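Hi everyone, thanks for coming. Let me put the structure up on the screen, and then we can walk through a few parts of it together.

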Amino acid sequence: MERRSSAETQRAAKGFTRRLLLQGAAAVAGVASVGPFILREGRAASGSVKIFSWAGYISPDMLADFESRTGIKATLTEYGTNDELLNQLKATGGAGFDIIHPTVDRVPNYVEFELVQPLDESKVKWDGCLKSAVEGSATMGGVVGGKRFLAPADWGTEAIAYDQAKAPLTYGTASYGDLWKPEHAGKVTVRGHSGLIGIGLWLEGQGKLPHPIREQFKDEAKARANFDAILQAAAANKKAIGQFWSNENEAQGAFRTNGCVIGQTWDSTAVALRKEGLPVRFLAPKEGALAWMEGFAIPAKAANLEQAYAWINWFYTPEAGALYTNHSGISSTAVGAEAHLSDLNKQFFADAYPGDALQKLWWWPIQEAWYVSIRNEYQDRFLAA
């Protein structure tokens, strides 16, 4: 099975910025100007489609819009982590759902276990997806062995969420290290495995890691050497943790009800709290926001193939993309979606990525199965420290 190296992943990811996204949008502006279209293939098929997606990503309004445009009934089941999605597909051998929503760097895991099928690219309306997302996803895990398994749907980041009054930050000086300041003791929230990477980037910036952090994704000995140093710093600072989070609801709850004032969270966490009127903002640190891409894949034993492709093609309309971003706060890859965003979401994006933040995004490399096993081992040690 062909594998892409982390170096190849990094090179592809460096070019994948919002600026290029917008350039891609301009290149196919003619498509967006046509306006919404009826998915005749989907309407002819009718029937239903079963979607397995992240909690909080797909709104009732989206499901209703899809059904009204295609005549297809969509049913939604939600999950909270990539591992939950992978384990569910393993348990059924790739059956039970027609569409799943993995992150691109984990797609090779699904291919390895034969849980997803190659896309029939002739059935996807690629002109509706930003060209830079289609091309960038190919070497980030979306194409394996020369076959495409993922249709990119969105991209977002994990960076620093903070209370403006109680833990103010300024772009350019803000750092993952700010989480561990003495004044934040007992008021920090992080996710186990990605929190370790945040600490790793902080240590790397100080010259305190044995190896460059990206090298640990392709060499087990370097991974363990780095994680040993990272875990030592994490354990020494664990008293700062007010709550660990593993899914969206837990991350929001850390700020909403559990007294946290700063944390390393997804962008969607911060935008949801901002919509509620809480003084929580989101900012890329100087080390770079952790960036990821997600997309739609079709399980190996999907029962409703035509309806699955209808879902993908509906998502690649400007209106559907905007429904998604306005609901979740995560950037859609649909061409023209930005023209339909709410003022709050436009302002959120500007506040989160000022200056050169988009050029400094830290894109997740492909995480092979061996690496996921090691990172989970050290995550468990962090949680138990």
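Predicted model: local features only at pLDDT ≥ 70, side-chain atom pairs only at ≥ 80, totals over all residues.

Let's begin with strand β11, which covers residues 280-283. Which way do its side chains point? Val280 and Phe282 go one way, while Arg281 and Leu283 go the other. In general, side chains in a regular strand alternate between the two faces of the sheet. For β11, all four of these residues are buried, Arg281 included. The partner of β11 is strand β7, residues 151-163, and the two run antiparallel with 4 bridges between them. If you want a spot to look for, find isoleucine 160, which sits opposite leucine 283 of β11.

Now over to helix α16, residues 369-384. Helix α10, residues 220-236, packs against α16 at an angle of about 20°, and their axes are 10 Å apart. At that angle, α10 counts as roughly parallel to α16. Their crossing is right-handed. On the α10 side, the contact residues include Phe227 and Leu231, and on the α16 side they include Trp370 and Ile374. By class, this contact has 9 nonpolar, no polar and 6 charged residues.

How does helix α9 cross α16? The axes of α9, residues 192-205, and α16 cross at roughly 90° and come within 8 Å. That makes α9 roughly perpendicular to α16. Here Gly192, His193, Leu196 and Ile197 of α9 meet α16 residues, among them Tyr371 and Gln379. The class count for α9 with α16 is 5 nonpolar, 3 polar and 1 charged.

Thanks, and I'm happy to go back to any view.

Notes. Residues numbered from 1 in each chain as written. Heavy atoms only, no water. Buried < 20%, exposed > 50% of the residue type's maximum accessible area, 1.4 Å probe, protein only. Pairing = 2+ DSSP bridges. Axes fitted to C-alpha atoms, helices over the stretch in contact; angles between N-to-C directions. Parallel < 35°, antiparallel > 145°, perpendicular 65-115°, else oblique. Left-handed = near helix turned anticlockwise from the far one by under 90°. Contact = heavy atoms within 4.5 Å. Nonpolar A, V, L, I, M, F, W, Y, C, P; charged D, E, K, R; others polar.
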